Amino acid sequence: MTIKTKLHRRTFLKTGAATASVILAAPAAIGQTKIKVAGIHSSPVENAWNSRLHAAMLKAADDGTIEYVFSEGVSGTDYGRAVREYAEQDVQLIVGEAYAVEREVREIAADYADTAFLMGSSGEPSGDNFGTFGTWNHEGAYLSGMLAASMSETGKFGAVGAIPIPEVNMLINGFRAGVDVVRPDAEHLIGFIGTFFDPPKAREAGLAQIDAGADILFGERIGTADAAAERGIKAIGSLIDYTERYPDTIFANAMWYFDPLLAAAVSDITSGSPTGRNYTPYCLMKEGGNDILYTASMVPEAAIGPMEEARAAIKAGTLEVPIDFSEPT
Amino acid sequence: MTDLIDILFTTGLWSSALRIATPLIFATLGALLCERAGVLNLGIEGIMTFGAMIGWLAVFMGADLWTGVIVAALCGAAFGLLHSGLAVVLGLSQHVAGLGITLFASSLSYYIFRLAVPVQGTPPTVEPFQPWPVPFLSDLPLIGPTLFSQTPLTYLALVLALAMAYILNRTPIGLAIRITGENPHAAEAQGLNPIAIRIGAVVTGSALMAMGGAYLTLAAFNSFFPTMVQGRGWVCIALVVFAMWRPGRALLGAILFALFDAYQLRLQTNFGKAVPYQLFLMLPYVLSIVALVVMSRKAKVPRALMKPYRRGERG
C-alpha cells in the first residue's frame with residue numbers, strides 16, 4: 001500500500017518560504033527592543049573600574065533592555081581588532097575604554113557609522129557615534145570626607161592615588177573639600193604609586209602615610225585599606241563597595257554607578273539620536289551616577305545629620321561640589 | 001632638611017624596605033643562578049606572575065600557606081624545565097625563548113585564574129602570612145622591629161641569599177655551576193655535564209622566581225591580579241648586573257632599591273607640596289642606574305652567558 005502525499009511541490013515551497021521569512025524576520029523584530037551591546041575591557045572584569053561597567057551591563061541584560069557580550073583583558077595593541085570584530089558583528093553599542101587608544105578607536109568609529117560608541121576617555125566626543133564619559137564620583141567622595149572629618153584624632157588625612165590624571169585629582173580634591181568644610185584646619189597627605197595595578201605598593205604607600213600621622217585613609221587604589229586594616233585605623237573606598245572586604249576598616253565608599261550612562265546611550269540609540277556626545281554629566285549624584293554608601297554604626301552620629309543634609313542638597317541641585325582637576329599636593 | 005635625614009632612622013622606612021625587597025631578593029637570586037650557569041632567563045616576569053597566581057590559588061583552594069609556596073616553586077621549576085629545553089637542550093636564542101615564556105606564563109596565569117575563580121566585584125582573598133617576630137631579637141631597638149618582625153618568607157629570602165653565596169663559592173657544585181657559566185667546554189673536559197648543570201640551574205632559579213611572585217599574593221597582599229608583578233622581574237634582571245653576579249651583592253642591591261622606593265613613598269607624603277611626585281617615583285630607578293654605571297665597570301660577566309653549548313662543537 002502506498003500513501004499518497006497531499007503535499008504538492010508548490011504548496012511545500014510556499015509554506016517553506018513563509019516559515020523561513022518569519023524566522024528570518026524574527027531577530028530583526030527582537031532587535032528593535034533589545035540593543036546589542038559589546039563590552040571591551042582592557043583589564044579583567046574584577047578590576048574595580050571595569051567591574052562597574054560590567055555590573056551595569058549585566059543588570060541591563062537581566063532586565064531585558066540589552067543583549068550583552070564582552071571581552072576582557074584586551075591589551076592596547078589588540079584593542080582595535082576587538083572593536084572592529086564587534087562592529088562587524090552588527091553590535092549596536094560598544095562600551096569600553098579609549099584611554100590608551102584614543103586616536104585609533106576614533107578612526108575605527110568613523111568606519112562604522114551605524115555602531116554607537118560609549119568610551120571612557122580623557123578626550124572629547126567625535127563624529128555622530130563616538131560618545132565619551134569620565135568617571136566622576138567626587139560628590140560621594142565629598143560626603144565621605146564630611147563623615148571622616150570628625151573621626152580623625154590627629155587631624156591628618158591620607159589619600160593614595162594611582163597617577164594624578166584629572167579624574168583621580170578631582171576625586172581626591174572632592175574628598176578633601178568634604179573634610180575641610182567640617183574641619184578647616186585639617187592636614188592632607190598625598191601619595192601616588194605611579195601605576196594602576198600594584199596593590200602591594202598601594203599598601204606600602206598607605207603605611208607610609210600612617211607612619212606620617214594619618215589616621216584616616218582615602219583609598220583611590222585597592223591595597224590602601226589593607227594598610228589601614230593592618231594598623232587598626234579607618235579608611236574610605238572608591239568606585240565599588242569595599243565594606244564586605246574590609247568590614248572593620250571601611251566605613252564609607254564613594255560609589256560610582258555606570259547604569260545612568262548606559263541607559264542614556266541606549267535611549268539615544270532607540271530614539272535615533274546621535275551618540276557622539278559627552279555622557280559624563282550622567283555621573284552626577286542627581287542622575288544616580290554616584291553616591292555615598294556608609295556604615296552608620298561606624299560613624300559618629302553627629303556627623304551623619306549634616307552629611308545627609310548635604311547629600312539631599314546635592315541631589316536637589318542646591319549644593320554644588322567643586323570640580324577641581326588640579327593635582328593635589 | 002633634617003626631616004629628610006630623620007626619615008632614614010624610622011623603623012617604618014626600614015621594615016617597608018625589607019617588605020618591598022623580599023620578592024626582588026627571591027627573583028634576583030633565581031636570575032643570578034641561571035646566569036652564573038650561562039643562561040639568561042627572561043621568562044622571569046611571567047614565571048613570577050604564574051607563581052603569584054598558582055601559590056595564591058592553592059591556598060584559596062584550601063592548602064596551607066607553605067604548601068602554596070611549594071606549589072608555586074614547583075610550577076616555576078616546570079617553566080624552568082621548558083626554558084632549559086628550548087635554550088639549553090635545543091640551544092635556541094635565550095632572549096626569544098625567555099620572552100616567549102614570559103608571554104606564555106602570564107597568559108596562562110590569567111587563563112587558569114579565570115577558569116578557577118568566578119567573576120566577581122573584587123578578587124577573593126586568602127589569609128596571608130602574618131609577621132612573625134623572632135623571640136628576643138625582635139626586642140632590639142631599631143633592628144628588632146625592622147629586621148626581626150617580618151613574615152617568614154622574608155627570613156627565608158635572607159637565608160637563601162647567604163646559602164647561595166656559600167654554595168656558589170664554597171662547594172663543588174657551586175664550582176661546577178660557575179665553570180659551566182665561564183667555559184662549558186672546560187667543564188666537559190673535567191668530566192662534568194654542562195647541559196645537565198645548566199638545566200639544574202635554570203630549573204632551580206625559576207623555582208626561586210616563582211616564590212618571589214608567591215610572596216606578592218601570600219604576604220604582601222592577599223589577592224591575585226593578573227598584572228600585579230608590574231615589571232619587578234625586569235628590575236631583577238638589572239639587579240643581577242648591579243650585583244656583578246654575586247649573591248651577597250644581589251641581596252644588598254635588592255634592599256637598596258627597595259629602600260629608595262620606601263623612601264620616595266615617605267618623601268611624597270612629607271614633601272609632596274614642594275617637589276613633583278614624578279621625581280620621587282623616578283628616584284629608585286635613577287639611583288639604580290647611577291649605581292650600575294659606577295659598579296658595573298668592575299663587573300665580571302660570566303664568559304659563556306647567552307652562548308648555547310652544543311656538545312662537540314668548537315668553543
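Colleague: What makes you say that domain 1 of chain A is in contact with domain 2 of chain A?

Modeller: The model is predicted, and the test is geometric. A contact needs two C-beta atoms, placed from the backbone, within 7 Å. Five residues of domain 1 of chain A meet five residues of domain 2 of chain A in this way. By class, the domain 1 side has two nonpolar, two polar and one charged residues.

Colleague: Where do the two domains run?

Modeller: Domain 1 of chain A covers 3–133. Domain 2 of chain A is assigned 138–256 + 288–316. These bounds come from an automatic or database domain assignment.

Colleague: Why is helix 11 of chain B called largely enclosed?

Modeller: A residue is buried if 20 or more other C-beta atoms lie within 10 Å of its own. In helix 11 (residues 232–242) of chain B, eight of the eleven residues are buried, so the helix is largely enclosed by the rest of the structure.

Colleague: Which residues of helix 11 of chain B are buried?

Modeller: Arg232(B), Gly233(B), Val235(B), Cys236(B), Ile237(B), Leu239(B), Val240(B) and Phe242(B). Just after this helix, Met244(B) takes a positive phi of about 50 degrees.

Colleague: How do you know what confidence the predictor has in chain B?

Modeller: pLDDT runs from 0 to 100. The mean for chain B is 91, and 98% of its residues reach 70 or more. The model scores ipTM 0.92 and pTM 0.90.

Colleague: What can you say about chain A overall, starting with its helices and strands?

Modeller: Chain A has ten helices and eleven strands. Its C-alpha trace spans about 100 × 45 × 40 Å along the principal axes. By the burial cut-off, 51% of its 329 residues are buried. Among contacts in chain A with a separation of 6 or more, 66% join residues 24 or more positions apart.

Notes:
Residues numbered from 1 in each chain as written. Chains lettered and ligands numbered in written order. Predicted model: local features only at pLDDT ≥ 70, side-chain atom pairs only at ≥ 80, totals over all residues. Nonpolar A, V, L, I, M, F, W, Y, C, P; charged D, E, K, R; others polar. Buried ≥ 20, exposed ≤ 12 C-beta atoms within 10 Å, placed from the backbone. Helix = DSSP H or I, 4+ residues; strand = E, 2+ residues; numbered from the N terminus.
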